[in-house]
Amino acid sequence: PATEALIKKAHPYKKAVANARRLDEVEIDGSYNLKFSQCVDVKTYDRDLFDEDLVSYVEAGQVVSSSSYVLFHVCQGDDCYYEADADLYIVDLPTYLTNVAQYHANKRGDYCEQCERFEDYCAAEEEEEEEEAEEEEGEEGEEEGEEGEEDEEREEDEEEDDKDEEENQEENEEENQEENQEEGEGEDENNEEEGDEAEENNEEGEDADEGEERRKLKKTAKRTKKLTKKQRKNISRKLAKEYIDCDQCQAYECYVDEEDQDDNQQRRDELDEKTSEWIGDLAECKESGVQWNDLDLYLGAMCSPYGDGVELAVFVNEDCTMYTNQKSFYDVYNPYNDDEDGMNYLMYAEEFIKNAFSEVTSCLDKEYDDPDEEGDDDDDANKEYEVNDYCKEVMEGDFANFNNCAANGNNNNDKNEENDDAYNWYTYELYEADDIDEVCYTLNQMEGEYNYAYDEELSGTWYERNKKGQIVAGEENQEFPVALIGVIVGVAVLVLGLAVFLCRPKRKNKDSNEPVYQGGTML
């Protein structure tokens with residue numbers, strides 16, 4: 001059944017753009033998508049910041065208490081590519097990262113589950129392909145055999161022609177020796193024989209052409225007995241039903257037998273599953289096993305300083321809300337101590353995590369039709385769009401409509417006055433971030449002017465950016481070094497040419513009268 005979470009009636013805190021999408025009490029089903037909009041931080045107050053072991057780092061700006069949240073759109077179809085405020089929602093970063101990044105990590109595994117349902121169908125299709133290949137080989141063999149028979153027939157015809165020609169020559173010689181016989185009758189007989197011979201050759205040529213046409217028709221008839229794979233796909237596209245793509249099942253290696261793998265080779269589905277679990281552990285705050293100044297360090301994620309993605313960061317508390325800029329994630333993270341199998345899951349998780357903030361996430365719990373079953377058009381029209389578990393976890397969890405925040409912020413203002421005057425140097429935006437409505441209200445008051453805690457200079461970054469500060473995708477990033485190498489080579493050639501020119505020996509006086517080539521003239 002579809003999720004019970006309903007989109008609340010929106011009351012935008014600012015005027016929405018023209019033709020903005022508005023979802024008023026619409027039940028979310030599988031036809032919706034989630035699309036990342038922006039990552040935002042809220043600087044909070046935490047009493048643990050002022051413990052004697054930590055307060056000096058806080059005062060020096062080396063530790064800060066901050067919580068990250070994600071603004072995302074709930075949209076349908078092409079609407080996801082238009083920016084609007086009416087469908088904007090907010091959820092904490094761990095909830096978003098756990099579900100949306102795991103959606104991308106499990107995409108292959110979820111598809112393989114569907115492939116297993118139709119393994120017999122895909123196996124039959126593979127057998128058909130093999131049969132088609134065998135038939136094509138057989139047809140080629142038949143064509144070669146027919147060509148051989150034609151060659152033999154031609155050779156026999158040529159031998160018969162040679163014999164006929166020899167007999168004609170003998171007859172002509174006998175006729176020449178009989179000079180006194182009637183020349184007119186001999187010439188008539190000779191012409192008559194030549195006409196008969198030409199007529200026979202014409203009949204033989206017509207018979208050969210008819211045989212060739214029959215062979216072509218036979219070959220065409222054989223090829224039209226069975227539809228090709230491409231033709232079957234074209235027919236499938238015209239049908240309303242959606243069937244599993246067996247080629248994609250093969251590309252995902254859904255049918256790989258464990259016996260065909262080495263003992264040390266990890267199955268792809270096991271690797272994806274382990275990577276998904278690793279992402280979940282990271283999102284919920286992961287122990288590093290490393291200390292800094294006797295403080296236990298933890299690994300997690302937080303908003304990038306530009307709000308367009310996330311960075312992997314180091315924290316000094318088990319909730320990953322106290323960030324320190326004194327350590328980089330890559331200084332602390334040790335993949336060989338991270339898991340018993342010593343696998344560096346960050347290598348595989350990076351793409352899935354980044355995709356969660358760059359790609360549209362479908363909420364559809366996809367199920368494909370059985371090719372062996374026939375259904376009515378009414379069944380297709382009444383088909384329900386089930387919601388997948390990833391969107392359910394986001395939309396049924398602790399989230400809020402960003403345009404309809406229920407809180408008024410008074411609770412946090414009252415707590416601000418309870419601050420000890422000894423620590424009034426510490427400023428914050430929200431006393432505590434336990435209530436999503438309070439967070440929503442506080443962020444609305446900022447009117448888009450958000451502050452970020454992550455220090456890119458000290459903690460580093462895993463993004464590549466262009467001159468405008470925009471994140472560069474993987475493919476674009478690969479092209480940059482090639483262009484840079486071209487520029488470097490060009491500069492090197494110019495420098496080398498200039499050096500050769502300057503080091504060239506000067507012309508002696510005795511050579512001054514020799515002609516010099518300049519612009520097509522000799523001077």
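A residue is called buried when its relative accessible area is under 20%, exposed when it is over 50%, and partly exposed in between (1.4 Å probe, protein chains only). The model is predicted, and local features need pLDDT of at least 70, side-chain atom pairs count only at pLDDT 80 or more, and totals for chains, interfaces and linings use all residues. Residues are numbered from 1 along each chain as its sequence is written, and side-chain values use heavy atoms, with hydrogens and water left out.

Of the 523 residues in the chain, 33% are buried. The accessible surface (Shrake-Rupley method, 1.4 Å probe) comes to about 34200 Å², and carbon and sulfur atoms account for 42% of that area. The chain contains 17 helices and 11 strands, taken as DSSP runs numbered from the N terminus (helices H or I, at least four residues; strands E, at least two). With contact meaning heavy atoms within 4.5 Å, 72% of the contacts between residues at least 6 apart in sequence join residues at least 24 apart.

A nonpolar core is defined as a set of buried Ala, Val, Leu, Ile, Met, Phe, Trp, Tyr and Cys residues joined through side-chain atoms within 4.5 Å. The largest such core has 70 residues, and L34, V63, F72, I353 and F357 have the most contacts inside it. Strand β5 (residues 295–303) contributes 7 residues, the most to this core. Apart from it lies another core, of 16 residues, which includes V40, V42, L430 and C440. When neighbours within four places in sequence are left aside, F357 is in contact with F36, V70, L93, Y96, L97, G309 and V310.

Helices α2 (residues 93–105) and α11 (residues 346–355) pack with their axes 8 Å apart, at an angle of about 115°; axes are lines fitted to C-alpha atoms over the stretch in contact, and angles run from 0 to 180 degrees between N-to-C directions. On the α2 side the residues are L97, A101, H104 and A105, which meet F352, I353 and N355 of α11. By class, this contact has 5 nonpolar, 2 polar and no charged residues.

Two residues are described for their backbone angles. Most residues other than glycine have a negative phi. C285, in the loop between α8 (268–283) and β4 (286–292), has a positive phi near 95°. C285 is buried, with a relative accessible area of 15%. N293 lies in the loop between β4 and β5 and has a positive phi of about 50°. N293 is partly exposed, with a relative accessible area of 44%.

Terms used:
Ala, Val, Leu, Ile, Met, Phe, Trp, Tyr, Cys and Pro count as nonpolar, Asp, Glu, Lys and Arg as charged, and the others, Gly among them, as polar.
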